[in-house]
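Welcome, and thanks for taking a look.

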Amino acid sequence: MEFVVDGKTMKKLDDYTINKIGIPSLVLMERAALAFTNVLLEKIESTDSIIVLTGPGNNGADGVAIARLLKLKGYQVEVYIMGETKQFSIQLKEQISIAAKLGVNFINNAKICEYTVVIDAIFGIGLGRSVGGNVAEVIECVNNCDNQVFSVDIPSGIHSGCGKVMEHAIRADYTVTFGYQKVGMLMYPGCEYAGRVSVADIGFPTIEFAKLIPTGFIYQKEDLKLLPSRPSNSNKGSFGKVLVIAGSKNMSGACYMSAKAAYRMGAGLVKVLTVEENRTIMQTMLPEAIISTYHSERIENELSKIQEDIRWASTIVLGPGIGISASSRTLLSLILKEAQVPTIIDADGLNLLAELGKLEEAPLNEHMILTPHIKEMSRLLHIELNEVRENAIEIAQKISKEKNYTLVLKDARTLVAGNESLYINTSGNDGMATGGSGDVLTGVIAGLLAQGMRPYQAACLGTYIHGMAGDIAAQKLGKYSLMATDIIEYLSVASLV
């Protein structure tokens, strides 16, 4: 697990390091410049001509320090500072004084395309306003030239807290960031501007030591150790019983994919509760599953049997492919009233939930996981789609702090909120933007829940493994050919990586 931060949290850590620990800001700056330069030297040639673009703040001071180190190593380097002298930070003035004494050349204008390497140190992680004027012109010039571009800490023009482009932003080939990855370089579109990211340790204390709360966290391959153990002295009853309430007439695929994914993820038993029309299909496609059916037109006469199925389960899935109908509304009502085990509400289950009114008033508890994509989330919150997309981090953070259920907000970067924590998923690819992918994710999470994982942890790890399986499938089959059932088939490989 790796913590990630926004600009505000990083600023607090910076202040703590300087004012509480006592490490001078110039020492941190020197370490940052050295770390950046070491990465840079691995990727450039001695014959390269380098321009360092800086702003008036401390990110600009980092850039001047980097220019000085490059000059001392014999590189052809010049510095172009944007901003009035009266705006310069104290650290920038100090770095300019040192660099000038060592022969670094400062220029008043620059023909960007004449340089082979651009170092972007214009803005740092504190940018909160739109970029305009001369700086915007310089940024667009950089983006239109054919040079290697390296950003210091974060590409200039990217909001560190959400990844938004502040009107104009540098498109970097590489970004060297300090201490921790920034949320803005993980979220879209910011991640598309950051290029390849390196995280440099320059001597900050850990978040835990400083008693600060990180913005969120990400998983890496070593976190697969969190998978539930499977004792050799066990049987199918040891690994839980998943009830998948899914499917409707002519919609059998969703329940099949969720149920199979739950099995692939290690669930001991999976029962599919679906309409009678799907019985033969499910028995043929997934003979491992237990099949229980109901007649949608007379569901009220079959409630006792459905209640028995609910009591049988140790984990419940409701929603994939059940449609919007009187019978599906009855099923949601039953689950909200009677489910006493971890329950995932997905797809049409979410749309039915949105019909009930405000999400804040829904009878949800700590055992429940909601898995909306952003359009479903807009229905649940009764707000515009763009508002959800532009404020996804804020929405997820609010839910993680104020609500007691787990939210899996699906998009190009899926967020998992709950337990006052925020997980940002970095696995997965655009080939997974295909019908049924969400049904598979629901089954993956259900399989982990069945084996005893807590809802929030199962949602985070399940999302990560689902994306990893999609990445492996894309490598084998190509993104254009990727189908949801391919993700299921590669779950076994993903869990072994």
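How are α11 and α12 oriented relative to each other?

## Helices α11 and α12

A word first: this is a predicted model. In it, helix α11 (residues 348–355) packs with helix α12 (residues 374–381) at an angle of about 20°. Angles under 35 degrees count as roughly parallel, and α11 and α12 are therefore roughly parallel to each other. Their axes are 8 Å apart, and the crossing is left-handed.

On the α11 side, the contact is made by L350, N351, L353 and A354; on the α12 side, E376, R379 and L380 take part. By class, this contact has 4 nonpolar, 1 polar and 2 charged residues.

## Helices α3 and α4

Let's turn to another helix pair. Helix α3 (residues 58–72) and helix α4 (residues 90–101) pack at an angle of about 15°, and their axes are 8 Å apart. With that angle, α3 and α4 are therefore roughly parallel to each other. The crossing of α3 and α4 is left-handed.

From α3, the residues making the contact are N58, G60, A61, V64, A65 and R68. From α4 come Q91, L92, Q95, I96, I98 and A99. The residues of this contact divide into 7 nonpolar, 4 polar and 1 charged. An α-helix has 3.6 residues a turn, so residues three or four places apart point the same way.

## N59 in α3

N59 also lies in helix α3. Is this residue buried or exposed? N59 has a relative accessible area of 8%, so it is buried.

Leaving aside neighbours within four places in sequence, N59 is in contact with D120, A121, I122, F123 and G124, and with V152 and D153.

## V444 in α15

Next, have a look at V444, whose place is in helix α15 (residues 437–450). Its relative accessibility is 0%, so V444 counts as buried.

Which residues does V444 touch, not counting those up to four places away in sequence? They are A261, A262, M265, G462 and L491. V444 and M265 are 179 residues apart in sequence, yet their C-alpha atoms are 5.6 Å apart in space.

## Helix α16

Finally, helix α16 covers residues 455–477. At 1.5 Å a residue, its 23 residues should span 33 Å, and because its end C-alpha atoms are 32 Å apart, the two values agree.

Helix α16 is mostly covered, with 18 of its 23 residues buried. After α16 comes G478, whose phi is positive, near 90°.

How values were computed
Residues numbered from 1 in each chain as written. Predicted model: local features only at pLDDT ≥ 70, side-chain atom pairs only at ≥ 80, totals over all residues. Heavy atoms only, no water. Helix = DSSP H or I, 4+ residues; strand = E, 2+ residues; numbered from the N terminus. Expected span 1.5 Å × (residues − 1). Buried < 20%, exposed > 50% of the residue type's maximum accessible area, 1.4 Å probe, protein only. Axes fitted to C-alpha atoms, helices over the stretch in contact; angles between N-to-C directions. Parallel < 35°, antiparallel > 145°, perpendicular 65-115°, else oblique. Left-handed = near helix turned anticlockwise from the far one by under 90°. Contact = heavy atoms within 4.5 Å. Nonpolar A, V, L, I, M, F, W, Y, C, P; charged D, E, K, R; others polar.
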